[in-house]
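Biologist: I am new to this one. Could you show me how to read it, feature by feature?

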Amino acid sequence: MNNLNSVYAEKIASEYAQKPVSKLVSLKKLDKKAKLPSQVFAFTFGIFGALILGVGMCLCMGQIGQGLPMAMPLGVAVGATGIAMVCVNYPIYKKLLEKGKKKYAFEIMELAKEITAENA
């Protein structure tokens, strides 16, 4: 019975003990940290651009704003704004990604060198 209690106690203690973080996990976290802001921006900005484009299309087709005398020109203007947002999304994403990579480049390169030196 005492042996069973000690095994159970060790199992619970191992759940709460600090586990060493491997360098590869740290490298993956840094890589994600460098890329995540640009990805979040690209998805958010792209979704808003597509929604604005859709509103412009609905205005042009008369699905919304049927009583407005200027629905068609307004729809064209709103749709063109959405198209412009969608078109500039990728270049903005690339700039933000480059900025994120530049920010964490030194840490990532040093950690990658340590990992490759250990495995060599």
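Biologist: Is Phe 41 buried, partly exposed or exposed, and why?

Modeller: Buried means under 20% relative accessible area, and exposed means over 50%. This is a predicted model. In it, Phe 41 has 28% relative accessibility, so this residue counts as partly exposed.

Biologist: How many aromatic pairs does the structure hold?

Modeller: A pair of aromatic rings is described by the distance of the centres and the angle of the planes. This structure holds two such pairs. One of them joins Phe 41 and Phe 45. Their centres are 5.2 Å apart, with 15° between the planes. That pair is stacked, because planes under 30 degrees apart count as stacked.

Biologist: Where do Phe 41 and Phe 45 sit relative to one another in helix H2?

Modeller: Helix H2 covers residues 23-61.

Biologist: What secondary structure does the chain have?

Modeller: Three helices and zero strands. The order from the N terminus is α-α-α. The radius of gyration is 26 Å, well over the 14 Å that the globule rule gives for 120 residues, so the chain is more spread out than a compact globule. The C-alpha trace spans about 85 × 45 × 20 Å along its principal axes.

Biologist: What share of the residues is buried?

Modeller: Of the 120 residues in the chain, 18% are buried. The accessible surface comes to about 9300 Å². Carbon and sulfur atoms account for 68% of that surface.

Biologist: How many positive and negative side chains are there?

Modeller: The chain has 15 positive and 8 negative ones. The centres of the two sets lie 9 Å apart.

Methods. Residues numbered from 1 in each chain as written. Predicted model: local features only at pLDDT ≥ 70, side-chain atom pairs only at ≥ 80, totals over all residues. Heavy atoms only, no water. Phe/Tyr/Trp six-rings, centres within 6.5 Å; stacked < 30°, edge-to-face > 60°. Helix = DSSP H or I, 4+ residues; strand = E, 2+ residues; numbered from the N terminus. Buried < 20%, exposed > 50% of the residue type's maximum accessible area, 1.4 Å probe, protein only. Rg over C-alpha atoms; globule rule 2.2 N^0.38 Å. Areas by Shrake-Rupley, 256 points an atom, 1.4 Å probe, with all protein chains shown as cover. Lys, Arg positive; Asp, Glu negative; His and termini not counted. Charge placed at Lys NZ, Arg CZ, Asp CG, Glu CD.
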